[in-house]
Amino acid sequence: MDQDGIYNPVNFSGGGYDTARLQTDYYGLFRGNQFSSIDYINPANQLTYGATTRFYDGGYKERLNLSFGQIYYFDQPSNQDAETFDYSSWALEGEANIDDNLFVRASMQYDSNLREMQFGNAIAEYRRGQFYAQTSYRYVAQEYIVSTLPNRDISRLTDDGLSQAGVVTGFPLGGGLSFTGQYWRDLTQDVMLENQVSLTYRSDCWVVGLSYNEYLMSRADINADPVYDNNVTLSFSLLGLGADSGFNFNTDSGNALGYRDPFALKN
């Protein structure tokens with residue numbers, strides 16, 4: 001199909017349509033279309049192959065799984081202006097449940113043609129009762145970012161891709177009072193991204209929460225000082241008003257960062 005007259009997210013010709021290349025993690029290898037939206041149809045003549053192995057304990061509970069896969073291209077899109085290869089990057093993913101208290105999940109994309117890692121992330125969480133502590137890390141190579149953007153010059157924003165880490169924790173203090181906190185930092189540019197502390201009191205009938213949040217608003221370039229904003233939030237809610245009501249106190253500030261539960265081996 002000739003799509004030269006519309007926006008092309010491969011070499012960014014044309015213009016105006018809202019589409020972008022999707023991340024090619026292990027499960028993304030099996031997508032029929034590698035691009036978001038339906039404006040650009042993926043010209044695919046390819047074969048995807050992968051494998052998954054699972055390990056169970058003596059009680060037949062899954063404790064570990066590992067998956068890896070790759071795409072073989074029978075031919076390449078004629079409008080791709082970058083160097084082409086017959087194989088995609090390797091996508092690897094794994095998850096572990098250690099004694100029902102420690103959970104680990106990691107994934108990465110390794111380009112064997114260029115012999116470099118394109119992106120990767122890892123999350124580890126310790127949970128016992130109402131206490132939890134989660135730390136996470138993500139990496140994206142600068143070359144990978146550049147290949148997915150119409151504007152190929154991102155030197156003003158980063159000089160070595162993305163390398164970010166964070167920690168989130170929460171635990172009860174007693175008497176219905178609990179604490180949550182989080183801290184995130186860009187390791188490449190040595191800049192704080194966000195920090196937050198929250199106190200929540202919960203009774204049988206109502207919940208009140210107080211939180212302070214400071215987060216990165218903008219930065220003109222990697223040599224400029226970061227601009228931060230901060231806020232104090234007070235939340236109050238009554239419990240039990242209706243069949244589906246109830247208070248789920250969310251400590252996220254509305255930013256992209258915050259606690260998430262990516263683990264599938266908790267059951």
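Tutor: Let us begin with R54, which is partly exposed, with a relative accessible area of 45%. Please bear in mind that the model is a predicted one.

Student: Why is R54 called partly exposed?

Tutor: Buried means under 20% relative accessible area and exposed means over 50%. R54 has 45%, so the value lies in between and the term is partly exposed.

Student: What makes the contact of E62 with R54 a salt bridge?

Tutor: A side-chain nitrogen of Lys or Arg must lie within 4 Å of a carboxyl oxygen of Asp or Glu. The closest N and O atoms of E62 and R54 are 2.9 Å apart, and the pair therefore meets the definition.

Student: Is E62 buried or exposed, and how do you know?

Tutor: E62 has a relative accessibility of 17%. The limit for buried is under 20%, so E62 counts as buried.

Student: Which side chains does R105 meet in salt bridges?

Tutor: The side chain of R105 meets that of E93, at 2.4 Å from N to O. E93 lies in strand β3 and R105 in strand β4, so this pair ties together parts that are twelve residues apart in sequence. E93, at 12% relative accessibility, counts as buried.

Tutor: R105 also meets E95 in a salt bridge, at 2.6 Å from N to O. Here the parts tied together are ten residues apart in sequence, because E95 lies in β3 and R105 in β4. E95 counts as buried as well, at 3% relative accessibility.

Student: How many salt bridges does a search of the whole structure find?

Tutor: The search finds eight salt bridges.

Student: What lies between β8 and β9?

Tutor: β8 and β9 form a hairpin with four residues between them. In that turn, D190 has a positive phi of about 55 degrees. The hairpin that joins β9 to β10 passes through three residues.

Student: Where are Y60 and D99 found, and why are they called exposed?

Tutor: Y60 is in the loop between β1 and β2 (62-73), and D99 is in the loop between β3 (90-98) and β4. Y60 has a relative accessible area of 72% and D99 has 58%. Both values are over 50%, so both residues are exposed. Phi of Y60 is positive, about 60 degrees, although Y60 is not a glycine.

Student: Why is G161 called buried?

Tutor: G161 has a relative accessibility of 1%, which is under 20%, so G161 counts as buried. G161 is found in the loop between α1 (142-147) and β7 (162-174).

Student: How do you know that V104 may belong to a nonpolar surface patch?

Tutor: Patch residues must have over 30% relative accessible area. V104, in strand β4 (residues 102-111), has 31%, so V104 passes that cut-off. The patch, of about 360 Å², is made by I98, L102, V104, Y126 and F131.

Student: Which residues do ring pairs link into a cluster?

Tutor: The cluster consists of Y126, F131, F171 and F179. The structure holds eleven aromatic pairs.

How values were computed
Residues numbered from 1 in each chain as written. Predicted model: local features only at pLDDT ≥ 70, side-chain atom pairs only at ≥ 80, totals over all residues. Heavy atoms only, no water. Pairing = 2+ DSSP bridges. Helix = DSSP H or I, 4+ residues; strand = E, 2+ residues; numbered from the N terminus. Patch = residues over 30% accessible without salt bridge, like charges linked within 9 Å, V, L, I, M, F, W, Y side chains within 5 Å. Areas by Shrake-Rupley, 256 points an atom, 1.4 Å probe, with all protein chains shown as cover. Buried < 20%, exposed > 50% of the residue type's maximum accessible area, 1.4 Å probe, protein only. Phe/Tyr/Trp six-rings, centres within 6.5 Å; stacked < 30°, edge-to-face > 60°.
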